[in-house]
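Work through the exercises below with the model open beside you.

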Amino acid sequence: MLRARRWPPWACAALLLIATGAATQSIPTAPTSRPIPIADQEPITPTPEPPAADPLKLALGERLFSDTRLSNDGKLACSSCHDISTNGTGRRYATVRHDGSNAPFDTLTIFNAALSFRLNWEGNFRTLEAQAESSLENPANMATSVEDVVARLNADPEMVRQFRAAYDRAPDRASLLDALATFEKSLVTPGSRFDLWLAGDTSALSAAELRGYGIFKSFGCISCHQGVNVGGNLFQRQGIFRPLVHAKPDVVRVPSLRNVATTAPYFHDGSAATLEEAVRKMGAAQLDRSLTDEQVSSLVAFLQTLTGNYRGEPVKGAPP
């Protein structure tokens with residue numbers, strides 16, 4: 001007959017501690033209350049924060065952006081057409097240029113331009129530096145040259161000091177264009193209500209706004225307006241099913257819809273005065289759809305959620 005083995009008291013205590021520890025580890029922890037990001041499931045991604053930049057180069061670029069010495073007659077600065085205190089663009093369509101003519105294109109906002117794969121309506125430029133140089137040398141815009149601007153800046157001891165502090169040298173072509181591009185790269189507008197929703201805040205959008213986003217996707221608007229800039233990443237023909245605008249070119253770089261509620265008028269010729277008009281015309285010309293008033297209202301409600309923030313304040317429309 002076998003006899004039961006008797007364990008010493010210390011061994012029983014050790015086994016009890018091991019069992020208790022194992023039981024404790026097996027208890028699942030309560031889930032956190034952090035919002036679950038939705039962005040991975042959507043064709044639009046949130047606007048990022050501004051990239052890290054040398055503060056001296058950033059400050060210098062901001063000063064140059066508003067410096068009228070960048071134009072031939074000292075009357076225009078980059079900020080003359082791109083007002084960053086409002087919507088990053090001009091106050092009206094058909095801006096009078098240096099040569100007295102009206103601008104052929106509605107001014108695109110500088111906000112989030114760095115997130116687009118090409119720049120300008122025709123997508124002429126791949127980099128901010130190339131676009132800035134062209135604007136300086138265009139006789140209808142700044143009507144000057146990089147060399148002339150550099151000479152004017154080198155005649156100012158304070159500007160020379162700032163360039164030396166930021167670039168370890170006096171103003172030259174490369175440092176001038178880099179400073180401007182560094183500042184323009186900072187002009188992103190994160191924190192829109194739609195971005196908050198993408199980050200998992202399900203209360204950020206109303207039912208009507210979500211309905212508008214659903215229509216935006218189901219009708220095919222998302223085919224051209226997606227990605228981080230809700231556009232700006234491909235070229236498209238205007239007027240597929242019926243005319244959209246009467247001015248050339250027929251193919252343009254798809255504009256970003258970030259802050260679109262603040263940047264009237266619309267289209268490259270500024271022919272749509274309101275967002276409602278632009279939505280209705282786009283539905284007909286690009287999708288072959290006659291949108292109902294309710295559909296237009298829902299789409300506009302969604303588009304209004306794309307307004308982001310610059311320096312902690314919502315981007316706002318320019319005064320008339």
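**Exercise 1. Find where Pro 48 lies and which residues Pro 48 touches.**

Step 1. Locate the residue. Pro 48 belongs to the loop between α1 (9–26) and α2.

Step 2. The relative accessible area of Pro 48 is 36%, so Pro 48 is partly exposed.

Step 3. Look for partners, not counting residues up to four places away in sequence. Pro 48 touches Leu 115, Val 188, Pro 190 and Val 228.

Step 4. Take one of these partners, Pro 190. In sequence, Pro 48 and Pro 190 are 142 residues apart. In space, their C-alpha atoms are 6.0 Å apart.

**Exercise 2. Describe how helices α2 and α6 pack.**

Step 1. Recall what is needed. Two packed helices are described by the angle between their axes and the distance between the axes.

Step 2. Read off both values. Helix α2 covers residues 55–65 and helix α6 covers residues 157–167. Their angle is about 145°, and their axes are 8 Å apart.

Step 3. α2 and α6 make a left-handed crossing.

Step 4. Name the residues that meet. From α2 come Leu 56, Lys 57, Leu 60, Arg 63 and Leu 64. From α6 come Glu 158, Met 159, Gln 162, Phe 163, Ala 165, Ala 166 and Tyr 167.

Step 5. Sort the residues of this contact by type. Eight are nonpolar, one is polar and three are charged.

**Exercise 3. Trace the salt bridges of Arg 69, then compare the exposure of the residues involved.**

Step 1. Side chains of opposite charge can pair when their charged atoms come close.

Step 2. Find the partners. Arg 69 meets Asp 67 in a salt bridge, at 2.8 Å from N to O. Arg 69 also forms a salt bridge with Asp 156, with the closest N and O atoms 2.8 Å apart.

Step 3. See what the second pair joins. Arg 69 lies in the loop between α2 and α3 (78–81). Asp 156 lies in the loop between α5 (146–154) and α6. The pair therefore ties together parts that are 87 residues apart in sequence.

Step 4. Asp 67, Arg 69 and Asp 156 are linked in a network of salt bridges.

Step 5. Asp 67 is buried at 9%, and Asp 156 is buried at 17%. Arg 69 is partly exposed at 24%.

**Exercise 4. Where does pLDDT stay under 50?**

Step 1. Begin with the whole protein. The average pLDDT is 89, and 86% of the residues score at least 70.

Step 2. Find the stretch. pLDDT stays under 50 over residues 1–32. The model has one contact beyond four places in sequence for these residues.

Step 3. Draw the lesson. Where pLDDT is low, the predicted coordinates should not be read in detail.

How values were computed:
Residues are numbered from 1 along each chain as its sequence is written. This is a predicted model: local features need pLDDT of at least 70, side-chain atom pairs count only at pLDDT 80 or more; totals for chains, interfaces and linings use all residues. Side-chain values use heavy atoms; hydrogens and water are left out. Axes are lines fitted to C-alpha atoms, for helices over the stretch in contact, and angles run from 0 to 180 degrees between N-to-C directions. Helices (H or I, at least four residues) and strands (E, at least two) are DSSP runs, numbered from the N terminus. A crossing is left-handed if the near helix is turned anticlockwise from the far one by less than a right angle, and right-handed if clockwise. Contact means heavy atoms within 4.5 Å. Ala, Val, Leu, Ile, Met, Phe, Trp, Tyr, Cys and Pro count as nonpolar, Asp, Glu, Lys and Arg as charged, and the others, Gly among them, as polar. A salt bridge is a side-chain nitrogen of Lys or Arg within 4 Å of a carboxyl oxygen of Asp or Glu. Buried means under 20% relative accessible area, exposed over 50%, partly exposed in between (1.4 Å probe, protein chains only). pLDDT is the predictor's confidence in each residue, from 0 to 100.
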